[in-house]
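This briefing looks at the overall build of a protein chain and at its principal pocket. Please keep the structure in view while reading.

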Amino acid sequence: MQLVFASNNVNKIKEIQLLLPETIQVLSLADIGCFDDIPETANTIEGNAILKANYVTEKFGYPCFADDTGLEVAALNGEPGVYSARYAGEQKDSNDNMDKLLANLKDQTNRKAHFKTVICLNLNGEQHLFTGIITGQITTEKKGTNGFGYDPIFTADGYTQTFAELSMVEKSAISHRGLAVKQLVDFLSR
């Protein structure tokens, strides 16, 4: 089975393909000739996943899944949330985003946070949503070189290493995206 994953983020595509069985081939947006910057204008993570999946299905006619992910920090009333990728500005720079988050948490003792991923699947004229959430803490400094996004400053509950210190296989086994993809795979395997 071929499914379009509504992303051109190479890191996300690698992570997703690692989690899917070999029977499912993931095509990127570039693979189907979509070079559009799909608008993410919803005010929820679920809404953005739906927008992206619908865009590909409606404009290109492919069965598709899309995800949106946000980091929600308790002491910041859920920020950066739906704005996680552009928290420090439209340049979408991970280091700038982490620096802004660490600065905003500088005097906070409550560093609880969670990552939330929602996957929207458009298949056979139906739409399905799958949600994965992992709870943890925001560290006081960046650690590790693996992963992407906020991985160097997020430590999952029960772990001492940040997501960026874990291997991709270790992270995928416990991550928000891994949990949502597992639900997707279970659904597709029925």
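A pocket here is an open set of grid points with protein on both sides within 12 Å along at least five of seven lines, and its lining residues have an atom within 4 Å of a point. The model is predicted, and in it the largest pocket has a volume of about 910 Å³.

**The largest pocket**
- The lining of the largest pocket comprises 32 residues, and those that lie nearest its centre are Asn9, Lys12, Glu40, Ala85 and Lys92.
- Two or more lining residues are given by each of strand S3 (64–73), helix H3 (94–104) and helix H5 (176–188), with S3 providing the largest share, 4 residues.
- Sorted by class, the lining of this pocket holds 12 charged, 10 polar and 10 nonpolar residues.

**Chain architecture**
- The protein chain contains 7 strands and 5 helices, which follow one another from the N terminus in the order β-α-β-α-β-β-α-β-β-β-α-α.
- Among contacts between residues at least 6 apart in sequence, 55% join residues at least 24 apart.

**Overall dimensions and surface**
- Because a compact globule of 190 residues would have a radius of gyration near 16 Å, the 16 Å of the protein chain agrees with that expectation.
- Taken along the principal axes, the box filled by the C-alpha atoms is roughly 50 × 30 × 25 Å.
- Of the 190 residues of the protein chain, 47% count as buried, while the accessible surface comes to about 9400 Å², with 48% of this area belonging to carbon and sulfur atoms.

Technical notes:
Residues numbered from 1 in each chain as written. Predicted model: local features only at pLDDT ≥ 70, side-chain atom pairs only at ≥ 80, totals over all residues. Heavy atoms only, no water. 1 Å grid on protein atoms, 1.4 Å probe; cavity = no way out; pocket = protein on both sides within 12 Å on 5 of 7 lines; lining within 4 Å. Points joined across faces, edges and corners; volume = space filled by probe spheres on them. Nonpolar A, V, L, I, M, F, W, Y, C, P; charged D, E, K, R; others polar. Rg over C-alpha atoms; globule rule 2.2 N^0.38 Å. Buried < 20%, exposed > 50% of the residue type's maximum accessible area, 1.4 Å probe, protein only. Contact = heavy atoms within 4.5 Å. Areas by Shrake-Rupley, 256 points an atom, 1.4 Å probe, with all protein chains shown as cover.
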